[in-house]
Amino acid sequence: SPPSIHIDPARIIDEVDPRIYSGFTEHMGRCIYGGLYDPGNENGLSDPNTGFRLDVLDVLRDLKVPLVRYPGGNFVSSYRWQDGIGPKESRPRRPELAWLTEESNQFGTDEFISWCRTLGTEPFICLNMGTGTLEDALAWLEYCNSSANTFYANLRRKNGHNEPYGVKYWALGNEVWGPWQVGQMESQDYAKKAFQWAKALKLLDPSIKLISCGETGYADWDRVTLKKLAPLVDFHSVHQYTVSQGKHLVNVMGPAAAEKGIEITRSLIDLAKIENGLNKDLTVCFDEWNVWDPVRAPGEKGAEEHYDLSDALAVAAWLNVFVRKADIVKIACIAQSVNVISPIITSSKGLFRQTTYYPLHIFSNLMRGSSLDVHVTTPSADAVYTGPTVPNFVHDLTVHTPDSAKLTKYVDVSAVLASDAGRREIRVAIVNRSDTKAFTVPLLFGPNAKVADDIRVYEVWSPDLKDANSFEEEKVKTVVKDEKFTGMYTLKKHSFQGAFACVLL
Ligand code: AHR
């Protein structure tokens, strides 16, 4: 069918939660060391006192990151947080079991909190449910949040931090279901253990928000753990990655499969609430998402993906999903924020913005406000992806959706009604996923909505889908265009037209 986009500003889904533009920093590859933390950088790029890379902070500030998850990821499942506090010269080096490296512990909890404060973002800590005990977890929470005259609160004071950190978000383990995880568990075992941890953590600090460890959002693990943990947790975590394998169609369709997963998670949450007789907020924390092909960029080698335009379109499609699902997805963390599968890459001499930085920047800066229901008619791919399934997860788990053919839509859209610019503006984010076809699309705004004919378009496009950025050259970036709106708009092949903004009269 010919493409068309219908948006009615009266049809509000929910407020876009700014926390969907959150980040993630793991002790993995060059994310922390040589990424955001680079003491004594020979080119003067780091703060002389803290060792924080100032250029990294500037770029993350531009991305308006509201919340950052730490310290893993897989890393956390054998991490002793106590090794990373106190005088740096006394901190032990330890074997690191997730990525098979060594951990120097020069960057730990105090440095992370200080980095978050410098950036102006909120910390989110993931607990070690692998080698860690409940006693360790309670000690970490006490160290961070307690104002009492007790051992770990006093240890924080002794380390120079008088005021409690007030860390609000605490996750009950990372990917505990995965065979790669130190301390992998069966769903029932995890659910029972996490329930006891949640109870104790909330006794120590009732103000915290807890996040249960989910899987893909549509796995039996999610059903079992939600049923048990729903009374005690505030968010259920989901992880998915788009595995591009160099295939454009697979890459850009991954987020569509994730959207299906989110709908299933919503139902599992509803079911858990019904079974437990609950009337409470329990939403999705999609705390790892991105394009990652672990064959192209293996985790053990630091997972430094070099993204091209095709990956940027996938990231735009991911963000469209989170905006469309604004009523259920309240936190989403791009994995990760620096160097490791990241929108920015550093060297000792500077950094560059990858292709994926640009859609993220457009969304985080502009796609805030009320998420609007969009109705899109769109042509689908001529040749539907015919693999056994739509691969979308890093560890070769796959989405089995009976209607995956229907997911191969070319035109992908989200929209918000924003009033942050002192006027009411409809902002539309449109991805044309076709690598061969341009489409001229009517944009229709409800019967009672009149829009001005001056529009501003933020376009991410390049002639070749394989175009990428580097330290030397920036081929893919945002181009801002002021145009006249005639009711129709032409979407170039493989393009992202972000925050196509019209003023509501
Ligand atoms: O983000 C990289 C890794 O992917 C994380 O450590 C882990 O949680 C996931 O498998």
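**Figure 1. A salt bridge between Arg324 and Asp412.** In this predicted model, the side chains of Arg324 and Asp412 come together in a salt bridge, with 3.1 Å from N to O. In general, side chains of opposite charge can pair when their charged atoms come close. Between domain 1 and domain 2 the count is one salt bridge, and the domain assignment of the chain places domain 1 at 17-368 and domain 2 at 373-504.

**Figure 2. The interface of domain 1 and domain 2.** The centres of the two domains, taken over C-alpha atoms, are separated by 27 Å, and the contact draws on 50 residues from domain 1 and 54 residues from domain 2. The size of an interface is often given as the accessible area lost when the parts come together. For domain 1 and domain 2 this buried area is about 4200 Å², and 69% of it is on carbon and sulfur atoms. Within domain 1, the residues that lose the most area to domain 2 are Leu309, Tyr358 and Leu366, which together account for 14% of what that side buries.

**Figure 3. The side of domain 1 that touches domain 2.** Several elements each supply at least two residues of the side of domain 1 that touches domain 2, among them strand E9 (235-242), helix H7 (248-276), helix H8 (309-324) and helix H9 (357-366). Helix H7 gives the most to this side, with 10 residues. Sorted by class, the side of domain 1 that touches domain 2 has 29 nonpolar, 14 polar and seven charged residues.

**Figure 4. The surroundings of the ligand.** The ligand is surrounded by 14 residues, of which the closest are Glu26, Asn74, Glu175, Tyr241 and Glu288. In Glu26, a polar side-chain atom lies 2.6 Å from an oxygen atom of the ligand, while in Tyr241 a polar side-chain atom lies 2.7 Å from an oxygen atom of the ligand. The side chain of Gln336 also takes part in this view, with an N or O atom 3.1 Å from an oxygen atom of the ligand.

**Figure 5. A salt bridge between Asp83 and Arg94.** The structure holds 33 salt bridges, and one of them is formed where the side chains of Asp83 and Arg94 meet, at 2.7 Å from N to O. Because Asp83 lies in the loop between strand E3 (67-70) and strand E4 (94-96), whereas Arg94 lies in strand E4, the pair ties together parts that are 11 residues apart in sequence.

Notes: Residues are numbered from 1 along each chain as its sequence is written. This is a predicted model: local features need pLDDT of at least 70, side-chain atom pairs count only at pLDDT 80 or more; totals for chains, interfaces and linings use all residues. Side-chain values use heavy atoms; hydrogens and water are left out. Domain bounds come from an automatic or database domain assignment. Contact means heavy atoms within 4.5 Å. Buried area is the accessible area (1.4 Å probe) that two parts lose on being put together, summed over both. A salt bridge is a side-chain nitrogen of Lys or Arg within 4 Å of a carboxyl oxygen of Asp or Glu. Helices (H or I, at least four residues) and strands (E, at least two) are DSSP runs, numbered from the N terminus. Ala, Val, Leu, Ile, Met, Phe, Trp, Tyr, Cys and Pro count as nonpolar, Asp, Glu, Lys and Arg as charged, and the others, Gly among them, as polar. A residue is near a molecule or strand if one of its heavy atoms lies within 4 Å of it. A polar contact is a pair of N or O atoms within 3.5 Å; within protein, one must be able to donate a hydrogen and the other to accept it, and residues adjacent in sequence count only if both atoms are side-chain atoms.
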